[in-house]
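Subject: A structure to look at, with notes

Dear colleague,

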Amino acid sequence: MGATLALDVGGTKVAVGLVDSGGALTYTATLPTPADQGTEVVWSVVAELIAGALDAAGGRVDAVGIGSAGPVDVGIGTVSPLNIAGWRGFALRDRVAAAVPGVPVRLGGDGVCMALGEYRYGAGRGRRSMLGMVVSTGVGGGLVLDGAPLHGRTGNAGHVGHVVVDPQGEVCRCGGRGCVETIASGPAMVRWALSNGWVPQAPVADAKALSAAAQAGDPVAVQAFRRGTDALAVMITSVAAVCDLDLVVIGGGVAKSGAVLFGPLRTALGQRARLDFLSGLQVVPAELGGDAGLVGAAVLATLD
């Protein structure tokens, strides 16, 4: 059996991988996403990565899986990522199929692919239903329920970053107001900290610097994380109650903060997730790191 070619398309970078039947990546490559440039400029990056992967595979792959930032429309195979301005209704599945002819190509949201990767080969192994989340420059997610990915009508189920946790809150880039992403994403926490007196010691005021400050006990940085984790707890409790989850797996850059994130998040969940059937809800770090999306896209491509 040959490899599965996997693509993970995001607003910051595009990644490609070859994944074997055991879920191991045998080849990977990434390029920055020219997100503010034209349609074909962005596609040229994807095409270059596909060509390199096919060359590494000797021209032989069995299937292609694509995880893309959304919104997506899996029915017609198009993507309109909020963070890639040049792609609106872009026929990504058909373009990839033309570049890799003769094999099945399957498209899914990047959150669903991340969740599938962790469910099959990472922190979700042996569980029945889970939410996979990425907390980074945005907040994304995907659901695996009773062992199957939940795509929804268009493929956008699991967009947990746009669960409203503060109806009077900040306007979100999605057009709504008070989404959890406006409070708990890395940039949102940094903005709040800076506006409340945080003076970064690092050259760049980003989530990594904020995490280091919180670990060092800076009170504003600590409060920024507590504010963000409380918003995440509100969202997680709601989604877990609706979907009867027993596990939440969190990856992404902000999740690398470790105890600064997971400590107050677990405390907040303990205060909010009080229904009996949520008593065993666990929140754990992702195990596959940045590879979860690629591995999950390969899983998606090979599902029956």
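Which helices do the buried residues of α6 pack against? They pack against α5 (186-195), α7 and α8 (259-272), where contact means heavy atoms within 4.5 Å and buried means under 20% relative accessible area, with exposed being over 50% and partly exposed in between (1.4 Å probe, protein chains only).

Before going further, please keep in mind that this is a predicted model, in which local features need pLDDT of at least 70 and side-chain atom pairs count only at pLDDT 80 or more, while totals for chains, interfaces and linings use all residues. Residues are numbered from 1 along each chain as its sequence is written, and side-chain values use heavy atoms, with hydrogens and water left out. The helices (H or I, at least four residues) and strands (E, at least two) are DSSP runs, numbered from the N terminus.

Helix α6 and its partner

Helix α6 covers residues 207-215, and its buried residues are Ala-209, Leu-210, Ser-211, Ala-213 and Ala-214. Towards α7, the residues Leu-210, Ser-211, Ala-213 and Ala-214 of α6 meet Ala-221, Val-222, Ala-224 and Phe-225. By class, this contact has seven nonpolar, one polar and no charged residues, if Ala, Val, Leu, Ile, Met, Phe, Trp, Tyr, Cys and Pro count as nonpolar, Asp, Glu, Lys and Arg as charged, and the others, Gly among them, as polar. The two helices pack at an angle of about 110 degrees, with their axes 7 Å apart; the axes are lines fitted to C-alpha atoms over the stretch in contact, and angles run from 0 to 180 degrees between N-to-C directions. Helices α6 and α7 are therefore roughly perpendicular to each other, a term that covers angles of 65 to 115 degrees. Just after α6, Gly-217 takes a positive phi of about 95 degrees.

Salt bridges

The structure holds eight salt bridges, each being a side-chain nitrogen of Lys or Arg within 4 Å of a carboxyl oxygen of Asp or Glu. One of them joins the side chains of Glu-287 and Arg-125 (3.4 Å, N to O), and this pair links distant parts of the chain, 162 residues apart, with Glu-287 in the loop between β12 (282-285) and α9 (292-302) and Arg-125 in the loop between α3 (110-121) and β8 (130-135). Asp-246 forms a salt bridge with Arg-127, the closest N and O atoms being 3.9 Å apart. Because Asp-246 lies in the loop between α7 (219-243) and β11 (247-251) and Arg-127 in the loop between α3 and β8, the pair ties together parts that are 119 residues apart in sequence. The side chains of Arg-128 and Asp-146 also meet in a salt bridge (2.7 Å, N to O).

Backbone details

Most residues other than glycine have a negative phi, and most peptide bonds are trans. Asp-146, which lies in the loop between β9 and β10, has a positive phi near 50 degrees and counts as exposed at 55% relative accessibility. Phi of Asp-244 is also positive, near 55 degrees, but Asp-244 counts as partly exposed, at 48%. Finally, a cis peptide bond joins Gly-70 and Pro-71, with omega at about 10 degrees, and Pro-71 has its place in the loop between β4 (61-68) and β5 (72-73).

Conventions:
Angles under 35 degrees count as roughly parallel, over 145 as roughly antiparallel, 65 to 115 as roughly perpendicular and the rest as oblique.
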